[in-house]
Amino acid sequence: MPTLVIREARQDDLAELMRLERESFPLDAWSDTTMRRTIASPHSRMLVIDTSEPGTEPALRGYASVLAAQGSGEADVETINIDPVVRRGGWATRLLAELSTWAAERGAKQLFLEVRANGDAAIRLYESLTFEEIGRRANYYRAEGQDAIVMRASIQDVIARAEQRLTARATEPEREAMENMQS
Ligand SMILES: CC(C)(COP(=O)(O)OP(=O)(O)OC[C@H]1O[C@@H](n2cnc3c(N)ncnc32)[C@H](O)[C@@H]1OP(=O)(O)O)[C@@H](O)C(=O)NCCC(=O)NCCS
């Protein structure tokens with residue numbers, strides 16, 4: 001099994017990001033331009049899961065980005081997408097934990113997002129991280145004819161719950177390493 005590493009997104013990830021984007025959202029994929037702008041934006045942070053060998057082309061297994069304008073007190077999950085071959089491995093939880101920590105360091109207290117009303121896996125993921133529904137937007141995903149559910153969580157609660165869940169699923173050597181890092 002190749003090693004999976006979380007790192008910052010780069011412009012040369014574009015082809016891989018768009019491949020994953022179109023696979024998961026065939027009717028409503030972001031454009032190349034939106035993806036490029038998000039990678040470049042000083043207000044957003046995008047992380048990717050890279051499985052390539054050093055010195056070879058990127059080979060990505062997922063990505064996520066959070067928008068957190070400095071001083072606004074709020075942040076938004078802009079996108080998250082994990083390759084089906086590594087789903088249920090805790091990767092979305094890891095990405096959201098890291099991006100939430102970054103947003104908190106920029107002063108965000110609350111994290112918002114929109115999710116497709118028929119996106120059961122994503123809704124379960126967000127509920128597992130303490131998000132709650134605060135409203136709906138009718139026909140928000142027009143190409144798919146889908147409503148959006150708007151969700152909100154306290155950033156500190158997301159970070160705490162993600163850490164709990166990741167610790168619970170870690171192997172014994174990984175748990176010891178995490179405890180050593182915290183002490
Ligand atoms: C939603 C998505 C990002 C989840 O990624 P993931 O890496 O599989 O998520 P995790 O492994 O971190 O899951 C954490 C928890 O979320 C919940 N969850 C995730 N996928 C689930 C599913 N298919 N069914 C039920 N619960 C699910 C579970 O509680 C899970 O914990 P567990 O595995 O210990 O039971 C992934 O399924 C995906 O990319 N889907 C397509 C794109 C998408 O819908 N993006 C969201 C747009 S708003």
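How do the residues of the shell around the ligand divide into nonpolar, polar and charged? Hello everyone, let me start there. The shell holds eight nonpolar, seven polar and three charged residues. Here Ala, Val, Leu, Ile, Met, Phe, Trp, Tyr, Cys and Pro count as nonpolar, Asp, Glu, Lys and Arg as charged, and the others, Gly among them, as polar.

Before going on, a word about the model. It is a predicted one, where local features need pLDDT of at least 70, side-chain atom pairs count only at pLDDT 80 or more, and totals for chains, interfaces and linings use all residues. Residue numbers run from 1 along each chain as its sequence is written.

Back to the ligand. It is surrounded by 18 residues, and the closest are Arg 87, Ala 92, Thr 93, Ala 121 and Arg 124; a residue is near if its C-beta atom, placed from the backbone, lies within 6 Å of the molecule. At least two shell residues each come from strand S4 (74-82), helix H3 (91-105) and helix H4 (120-128). H4 gives the largest share, five residues. Helices (H or I, at least four residues) and strands (E, at least two) are DSSP runs, numbered from the N terminus.

Buried means 20 or more other C-beta atoms within 10 Å of the residue's own, exposed means 12 or fewer, and partly exposed is in between, with C-beta atoms placed from the backbone.

Take Leu 47: leaving aside neighbours within four places in sequence, its contacts include Tyr 63, Leu 95 and Leu 99. A contact is a pair of C-beta atoms, placed from the backbone, within 7 Å.

Which residues of helix H2 are buried? In H2 (residues 32-40) they are Met 35, Thr 38 and Ile 39. Seen down the axis, they fall within an arc of 100°, so they line one face of the helix; the arc is that of the directions from the helix axis to the C-beta atoms. An α-helix has 3.6 residues a turn, so residues three or four places apart point the same way. On the other side of H2, Thr 33, Arg 37 and Ala 40 are exposed. The buried residues pack against helix H1 (14-24), strand S2 (44-50), strand S3 (60-67) and S4.

Ile 39 is buried, with 21 other C-beta atoms within 10 Å. Ile 39 and Gln 11 are 28 residues apart in sequence, yet 6.8 Å apart in space, C-alpha to C-alpha.

Thr 130, in the loop between H4 and strand S6 (132-141), has phi near 80°, a positive value in a residue other than glycine. Asn 139 sits in S6, and its phi is near 55°, also positive. Thr 130 is partly exposed, with 19 other C-beta atoms within 10 Å, whereas Asn 139 is exposed, with 10.

Note on methods. Contact = placed C-beta atoms within 7 Å.
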